[in-house]
Amino acid sequence: RNNIHLYQPFDYNIADPTSVAAKFDFVWGASTYNVAAWRQGNPNIFLTYYFPFNRDYGTFSDNTAVHSLAWWQANHPDWVLYQCDKKTPAYYNNGNSVPLDFSNTAVISWQVQTYAVPASTSGYDSIGADNADLGNWSGACGIYRNGSWVQLYTGQMEDDPAWQNNVVFWLSQMQQALHGLKHPLAFTPNSSFADVPVTST
C-alpha cells in the first residue's frame with residue numbers, strides 16, 4: 001500500500017524464514033543457512049550477504065572463524081591497520097576482529113574471493129558491506145610495509161581526507177569487482193557521512 005516495502009536486517013532470530021518471506025522484499029544480511037528458505041517462501045526476494053568492509057569476518061559460511069592478530073602478522077603483516085601508537089590494531093567499536101588496510105588492492109581481491117565469489121554462486125543478489133563510513137571512528141593511522149611504518153591517515157575521526165578518499169576508492173573497486181563476477185552481484189553498503197562534508201571527497 002502506498003508503495004511502501006518492508007526489509008529485514010539480519011535473520012538470525014527468525015526460526016522459519018519460509019513462513020514470513022512473502023512479507024518482505026529484501027533481507028540485508030541473510031544467513032547462508034537461510035538462503036534456500038527465503039527463496040522457497042518468496043522467489044523474488046532480494047538477499048544480501050553481509051561482511052564488515054575492513055575487518056576479518058572469518059569464512060563465507062562461518063563468520064566466527066576469524067584469524068588471530070598473530071596469524072595476520074605472520075601471514076599478511078602489511079595488511080594489518082594500526083592506530084597512531086603504531087602497535088594497537090585499529091579495532092572497530094572495541095571489537096577484536098583484525099582491521100585490514102582496505103586501500104590495498106590485494107585485500108580487496110581477498111575479500112572478493114573469500115566472500116563475494118561464494119555469495120554469487122550461493123543464491124545471493126548482493127553484498128552488504130557494513131561500516132563503510134567516512135568517519136575514521138577507530139583512529140586508524142597506518143601499516144607496516146616490509147617492516148617499516150607507513151602512515152596512511154591522521155587518526156582524526158572526522159577530519160581525515162585520506163581516509164575518506166580511500167573509503168570511496170574501496171567502494172568503487174568493490175562495486176566494479178562485484179559487477180564483473182560470472183554471476184554479478186549488486187552492492188548495498190551501509191555507510192555514514194557523519195559530520196563529514198560530501199564535498200570533501
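Q: What's the strand order in the open sheet of 5 strands, and is the pairing parallel or antiparallel?
A: This is a predicted model. In it, the order is β1-β2-β3-β5-β8, and the pairing is parallel.

Q: Which strands sit at the edges there?
A: β1 (7-9) and β8 (186-187). Each of these edge strands pairs on one side only.

Q: How many bridges join β3 and β5?
A: There are 5 bridges, in the parallel sense. β3 covers residues 46-52 and β5 covers residues 126-130.

Q: What stands opposite P52?
A: D130, in β5.

Q: New topic. How many disulfides are there?
A: The structure has 1 disulfide. It joins C84 to C141, with an S to S distance of 2.2 Å.

Q: Where in the fold do C84 and C141 lie?
A: C84 is in the loop between β4 and α4 (105-120), while C141 is in strand β6. The pair therefore ties together parts 57 residues apart in sequence.

Q: Which handedness does the link of C84 and C141 have?
A: The link is right-handed, with 90 degrees about the S-S bond.

Q: Is C141 buried or exposed?
A: C141 is buried, at a relative accessible area of 1%.

Q: And what is the relative accessible area of C84?
A: 38%, which makes C84 partly exposed.

Q: On to voids. How many cavities of 30 Å³ or more does the structure hold?
A: The structure holds 1.

Q: What volume does the largest cavity have?
A: About 80 Å³.

Q: Which residues line the largest cavity?
A: The lining is F53, N54, R55, A90, Y92, P99, N131, D133, G135, W137, S138 and W163.

Q: How many of the lining residues are nonpolar, polar and charged?
A: The lining of the largest cavity divides into 6 nonpolar, 4 polar and 2 charged residues.

Notes:
Residues are numbered from 1 along each chain as its sequence is written. This is a predicted model: local features need pLDDT of at least 70, side-chain atom pairs count only at pLDDT 80 or more; totals for chains, interfaces and linings use all residues. Side-chain values use heavy atoms; hydrogens and water are left out. A disulfide is a pair of cysteine sulfur atoms within 2.5 Å. Helices (H or I, at least four residues) and strands (E, at least two) are DSSP runs, numbered from the N terminus. Buried means under 20% relative accessible area, exposed over 50%, partly exposed in between (1.4 Å probe, protein chains only). On a 1 Å grid over the protein atoms alone, a cavity is a set of points where a 1.4 Å probe fits but cannot get out, and a pocket is an open set with protein on both sides within 12 Å along at least five of seven lines; lining residues have an atom within 4 Å of a point. Grid points are joined across faces, edges and corners, and a volume is the space filled by probe spheres set on the points. Ala, Val, Leu, Ile, Met, Phe, Trp, Tyr, Cys and Pro count as nonpolar, Asp, Glu, Lys and Arg as charged, and the others, Gly among them, as polar. Two strands pair if DSSP finds at least two bridges between them.
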